[in-house]
Amino acid sequence: MKTLLIVDDDDNIRLLMRDEFCDLNYNVITAVNGEEALISFSEEDVDLVILDLRMPKLDGVQFLERIRKTSKVPIIIYTANPGAFNVGDYESVEMLTKSPDTGNLLKLVETTLNV
């Protein structure tokens with residue numbers, strides 16, 4: 001079973017994604033900010049991270065930069081502000097604009113994990 005770490009400070013989005021991926025038999029861990037996500041990442045064997053950019057305490061870019069010092073885990077930036085970040089600067093990072101329809105996110109996760 002693949003493990004996803006979903007990092008988003010919006011409760012509705014985070015919980016919707018958690019439910020969607022749990023229904024598809026993924027093991028899902030959630031975090032409300034980058035600080036919480038760093039702890040979860042260090043405690044679990046995460047296969048993929050779904051990451052918002054704008055969050056309190058430690059934002060998505062800061063989380064990404066810290067994770068890339070030790071891991072090449074695939075990361076999907078799932079944000080309402082895609083112009084605020086250049087994925088070309090990082091290896092194994094994709095970006096998707098947030099949408100009420102999670103179909104594109106589900107497809108990207110499956111493609112990234114080869115499932």
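**Entry 1: ground rules.** I am working from a predicted model, where local features need pLDDT of at least 70, side-chain atom pairs count only at pLDDT 80 or more, and totals for chains, interfaces and linings use all residues. Residues are numbered from 1 along each chain as its sequence is written, and side-chain values use heavy atoms, with hydrogens and water left out. Helices (H or I, at least four residues) and strands (E, at least two) are DSSP runs, numbered from the N terminus.

**Entry 2: asparagine 33.** I checked whether this residue is buried (under 20% relative accessible area) or exposed (over 50%), with partly exposed in between, using a 1.4 Å probe and protein chains only. Asparagine 33 counts as buried because its relative accessibility is 5%. Its side chain reaches the backbone nitrogen of glutamate 36 at 2.9 Å. I then listed contacts (heavy atoms within 4.5 Å). Leaving out residues up to four places away in sequence, asparagine 33 touches Val7, Met55, Pro56, Lys57 and Leu58.

**Entry 3: the sheet.** I traced an open sheet of five strands in the order β2-β1-β3-β4-β5, with parallel pairing. The twist averages 20 degrees from one strand to the next; axes here are lines fitted to C-alpha atoms, for helices over the stretch in contact, and angles run from 0 to 180 degrees between N-to-C directions.

**Entry 4: pairings.** I count two strands as paired if DSSP finds at least two bridges between them. β1 (residues 3–7) and β2 (residues 27–31) pair in the parallel sense over five bridges, and leucine 4 has valine 28 as its bridge partner in β2. β1 also pairs with β3 (residues 48–51), in the parallel sense over four bridges. On that side, leucine 4 stands opposite leucine 48 and leucine 5 opposite valine 49. β3 and β4 pair in the parallel sense over three bridges, with isoleucine 50 opposite isoleucine 76.

**Entry 5: side chains of β3.** In a regular strand the side chains alternate between the two faces of the sheet. In β3, I found Leu48 and Ile50 pointing one way and Val49 and Leu51 the other way, all of them buried.

**Entry 6: crossovers.** I call a crossover right-handed if, with the strands pointing away from the viewer, the path from the first strand over the helix to the second runs clockwise. β1, α1 (residues 11–23) and β2 make a right-handed β-α-β unit. β3, α3 and β4 make a right-handed unit as well.

**Entry 7: helix α4.** Which residues of α4 (residues 103–113) are buried? I noted Leu105, Leu106, Leu108, Val109 and Leu113. Seen down the axis of α4, they fall within an arc of 165 degrees (taken from the directions from the helix axis to the C-beta atoms), so they line one face of the helix. These buried residues pack against β1, α1, β3, β4 and β5. The face turned away from the buried side carries the exposed residues Lys107 and Thr111. Just after α4, asparagine 114 takes a positive phi of about 55 degrees.

**Entry 8: serine 71.** I located serine 71 in the loop between α3 (60–67) and β4 (75–79). Serine 71 counts as buried, because its relative accessibility is 16%. Its C-alpha atom is separated by 27 Å from that of glycine 103, 32 residues apart along the chain.

Terms used: A polar contact is a pair of N or O atoms within 3.5 Å; within protein, one must be able to donate a hydrogen and the other to accept it, and residues adjacent in sequence count only if both atoms are side-chain atoms.
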